[in-house]
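These entries record what I looked up in one protein model. I kept them in the order in which I worked.

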Amino acid sequence: MNPTAHDFLMAARTRGREQLQDILHIGQLTGRIARLAHMLQRERGASNIWLCSSGQLFSAERSRCIEEVDHELALFKQAIADPNDLPGSAILVSLACALHYLERLPPLRAAIAEQHIQPLQAMEQFNITLRHLLSIVPEVSNVVDDAGVVRSLAALFSFMQGKELAGQERAIGALGFTLGEFTDVLRQQLVDRIDSQQHCFDTFCSMVDEPLRVQFRACSEPCRETEQLRRMACTRLKSEGDDSPRALRWFALLSARIDALKAVEDALIDGVMAQAQRALGQGLQQTPLNEDDIAHWVAGNDGMKNERYLDRHLLPLVRQQAQQLEMMAQQLASLQATIEERKIIDKAKALLIRHQGHSEEQAWQVLRKMAMNQNKRMVDVAIAMVSVAEIWQLPTKE
């Protein structure tokens, strides 16, 4: 029997329903990945503080984190116990890579416990493990054609990347404050993570509806105390005394923010599941195709064809973005550039202090708000302000 257009389109419908049923299972796995990553992020930060304090700080916290990671890891392994339940070969390869690094956790923990590893090296091993664990999520796109589900997955992956960078910010800050010194390398890494996470969150915001954006905005902005500690970390070379209280406070503040981001992440995962269930329900209710339907589909006039193929490319683009962010994070910019930016910002603050009567903190907040309102970097706003002052020959220093 010769196949017809009708045969292939009906086969496409059947295959689509099978894919959506797969995504319901994968959605549950994604939730497991998110919870395991969340606890690994916390263990990474606690291990940094413990190492840098020579075992004096966060001993109980680190032990608790290890227990929670092991609990989530056991549940994760249960979810992938039968590889035949997982569609596509790409996701199996990603799982193999993630498991390879997860199996290295015991020797890493032993090296940390014996203090036979440097904090930066330990942090990088956690980073690699998390990177491979999170890479599983976009591979789901290889088995899904529904445009709405793919868009939800793209938003989720971008958000998870941003949250991981926020976790790296917590770990780097904890390391620097516990050491009592932010080296050039640490400061630049901190700046990179702060900037890079915002790129990921911007991508996420462009792909979700307003309720999720509102939920995200409620917890996305660091509080004033966090901003103050960020500035201290990015501008100060050495501590004037014992910095362990700041390290603990930093970890607490950043943990509260990341826990709030976790709630948004959970809502995103629920959204993926709901989108898949809706699409599956619509697929089950589809009526038989007639000749008009076939002609309409082939002509691409159903209003969905272009969207389907456009959204199908979202995840590869997000993957590319993640790779670019990783390269940017690994390639440290010169310290001179950072110093020059800080000088410009200080000049702009001096203008506001002198001519507007602001305190230093108020001047910082004014610049920060202007940058947010104009969707620009703070240094760009500062450059514009200093340029105007030079035109009008206004003094920029007391």
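**Conventions.** I took helices (H or I, at least four residues) and strands (E, at least two) as DSSP runs, numbered from the N terminus. I number residues from 1 along each chain as its sequence is written, and this is a predicted model, in which local features need pLDDT of at least 70, side-chain atom pairs count only at pLDDT 80 or more, and totals for chains, interfaces and linings use all residues. Side-chain values use heavy atoms, with hydrogens and water left out.

**Entry 1: overall chain.** I found 17 helices and zero strands in the protein chain. I then looked up burial, where buried means under 20% relative accessible area, exposed over 50%, and partly exposed in between (1.4 Å probe, protein chains only). Of the 398 residues, 48% count as buried. The protein chain exposes about 19,600 Å², of which carbon and sulfur atoms supply 53%; this area comes from the Shrake-Rupley method with a 1.4 Å probe, and for residues only the protein chains shown count as cover. For contacts I used heavy atoms within 4.5 Å. Among contacts in the protein chain with a separation of 6 or more, 81% join residues 24 or more positions apart.

**Entry 2: helices α8 and α9.** I fitted axes as lines to C-alpha atoms, for helices over the stretch in contact, with angles from 0 to 180 degrees between N-to-C directions. Helix α8 (residues 184-205) and helix α9 (residues 210-220) have axes that come within 10 Å and cross at roughly 155°. Therefore α8 is roughly antiparallel to α9; the classes are under 35 degrees for roughly parallel, over 145 for roughly antiparallel, 65 to 115 for roughly perpendicular, and oblique for the rest. On the α8 side I noted Phe201, Phe204 and Cys205, and on the α9 side Leu212, Arg213 and Phe216. These contact residues divide into five nonpolar, no polar and one charged. Here Ala, Val, Leu, Ile, Met, Phe, Trp, Tyr, Cys and Pro count as nonpolar, Asp, Glu, Lys and Arg as charged, and the others, Gly among them, as polar.

I followed cysteine 205, which is placed in helix α8. Cysteine 205 is buried, with a relative accessible area of 16%. Leaving aside neighbours within four places in sequence, cysteine 205 is in contact with Arg213 and Phe216. Its C-alpha atom is separated by 9.4 Å from that of serine 158, 47 residues away along the chain.

**Entry 3: nonpolar cores.** A nonpolar core is a set of buried Ala, Val, Leu, Ile, Met, Phe, Trp, Tyr and Cys residues joined through side-chain atoms within 4.5 Å. Which residues touch the most other members of the largest nonpolar core? I found Ile33, Leu40, Phe76, Leu133 and Phe204, out of 54 residues. Beyond four places in sequence, phenylalanine 204 is in contact with Ala155, Ser158, Phe159, Leu212, Phe216, Val264 and Leu268. A second, separate core of 25 residues includes Cys52, Met123, Leu186 and Ile194.

**Entry 4: helices α2 and α4.** Helix α2 (residues 59-79) and helix α4 (residues 105-113) pack at an angle of about 175°, with their axes 13 Å apart. I therefore recorded α2 as roughly antiparallel to α4. The contact is formed by Arg62, Ile66, Val69 and Asp70 of α2 with Leu105, Arg109, Ile112 and Ala113 of α4. I listed five nonpolar, no polar and three charged residues in this contact.

Leucine 73 also belongs to helix α2. It is buried, at 10% relative accessible area. Leucine 73 touches Leu36 and Leu102, not counting residues up to four places away in sequence.

**Entry 5: two further buried residues.** Glycine 180 lies in the loop between α7 (147-179) and α8. Its relative accessible area of 15% makes glycine 180 buried. From C-alpha to C-alpha, glycine 180 and cysteine 52 are 9.4 Å apart in space and 128 residues apart in sequence.

Serine 255 is in helix α11 (residues 244-284). Serine 255 counts as buried at 6% relative accessibility. Apart from residues up to four places away in sequence, serine 255 touches Arg42 and Arg170.

**Entry 6: positive phi.** Most residues other than glycine have a negative phi. Serine 54 has a positive phi of about 55°, and lies in the loop between α1 (5-52) and α2. Serine 54 counts as partly exposed, at 44% relative accessibility. Glutamine 115 also has a positive phi of about 55°. I located glutamine 115 in the loop between α4 and α5 (119-134), where it counts as partly exposed at 38% relative accessibility.
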